[in-house]
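Dear colleague,

Please find the structure below, handed over for your study. My findings follow directly after it.

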Amino acid sequence: TRPAKLGQPFTHWSLRKLVGYLVDNPRRIVHIGRERARRLLAAHEITFQRTKTWKESPDPQREAKLARIEEVLEQHPDRTFAFDEFGPLTIQPVPGAGWAPRGRPARLPANYHKTAGVRYFHGCYSIGEDRLWGVVRAHKSAANTLAALCSIRAARPDGDPIYVILDNLSAHKGPTIRAWAARHAVELDFTPTYASWADPIEPHFGSLRSFVIAGSDHPNHVALTRALHDHLRWRNAHARHPDVLAAQRRERARVRSER
């Protein structure tokens, strides 16, 4: 029971507050130690966790959109692609983790100011080939989205239909993009509102977050972009590497926790 519902002036219990309430509560006095209370809660799979937010999708076509995405992934994996932007990418030290002598961790300069603006990696992912590629742009825009879609269409130049899964950002679905898609046999499958977790590219940004961004201190956007593309070449040559798969699992869990 939440403390406020029992007339207590706080939003959550600590073990000390809980044990103190049980000793003085008006219904039934319970004498129990903090360690015993902790073990009792653990036995019932109750742990101390951070609060999370969630958004329910108000999209009236939510089920139809998710069903179509699942359909193309199952029936046309070799002709299905995903697109999204990864970022914002900033020039500042980013905390991370790594091997170091005990008590002597790698250190980053204490300068956390964004001094060079932001960039966005416009990523394209081939479901059938398990290949990730893209370019770094200064802005999210319809023109940059169209350039990415053109690179996807070029990956299958035979003229047969292809399917691109992408989220509902306004820069992804303007009339120019829709007209281009109709002319070039590109079906745009949009994820429902507040459901970008349904975009298959999202987990594959995990290796970029883990191995390019975390623990980095890139001097400028040129160096950051070069590091991104160096990693993409390695990642595409080692797509089933255990570290890559682990990074994808972490990113998938992070994204789905917002579901």
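Contact here means heavy atoms within 4.5 Å. The model is predicted, so to speak of local features a pLDDT of at least 70 is needed, side-chain atom pairs count only at pLDDT 80 or more, and totals for chains, interfaces and linings use all residues. Residues are numbered from 1 along each chain as its sequence is written, and side-chain values use heavy atoms, with hydrogens and water left out.

I begin with Ala82. This residue lies in strand S1 (residues 80-90); strands (E, at least two residues) and helices (H or I, at least four residues) are DSSP runs, numbered from the N terminus. Ala82 has a relative accessible area of 0% and is therefore buried, where buried means under 20%, exposed over 50% and partly exposed in between, with a 1.4 Å probe and protein chains only. Leaving aside residues up to four places away in sequence, Ala82 touches Gly123, Cys124, Tyr125, Ile152, Ile165, Asp199, Pro200 and Ile201. The C-alpha atoms of Ala82 and Tyr163 are separated by 8.2 Å, although these residues are 81 apart along the chain.

A disulfide is a covalent bond between the sulfur atoms of two cysteines; here it is taken as a pair of cysteine sulfur atoms within 2.5 Å. By this rule there are zero disulfides. For Cys124, the nearest cysteine sulfur is that of Cys150, 10 Å away. Cys124 is buried, at 1% relative accessibility, whereas Cys150 is partly exposed, at 34%.

Which residues of helix H1 are buried? They are Leu18, Val19 and Tyr21. Seen down the axis of H1, these residues fall within an arc of 160° (taken from the directions from the helix axis to the C-beta atoms), so they line one face of the helix. They pack against H2. The face turned away from the buried side carries the exposed residues Arg16 and Asp24.

Finally, the largest pocket has a volume of about 930 Å³. A pocket is an open set of points on a 1 Å grid over the protein atoms alone where a 1.4 Å probe fits, with protein on both sides within 12 Å along at least five of seven lines; lining residues have an atom within 4 Å of a point. The volume is the space filled by probe spheres set on the points, which are joined across faces, edges and corners. The pocket is lined by 25 residues, with Thr1, Pro3, His12, Trp13 and Ile46 nearest its centre. H1 (15-24) and H2 (34-43) each supply at least two lining residues, and H1 gives the most, with four.

With kind regards
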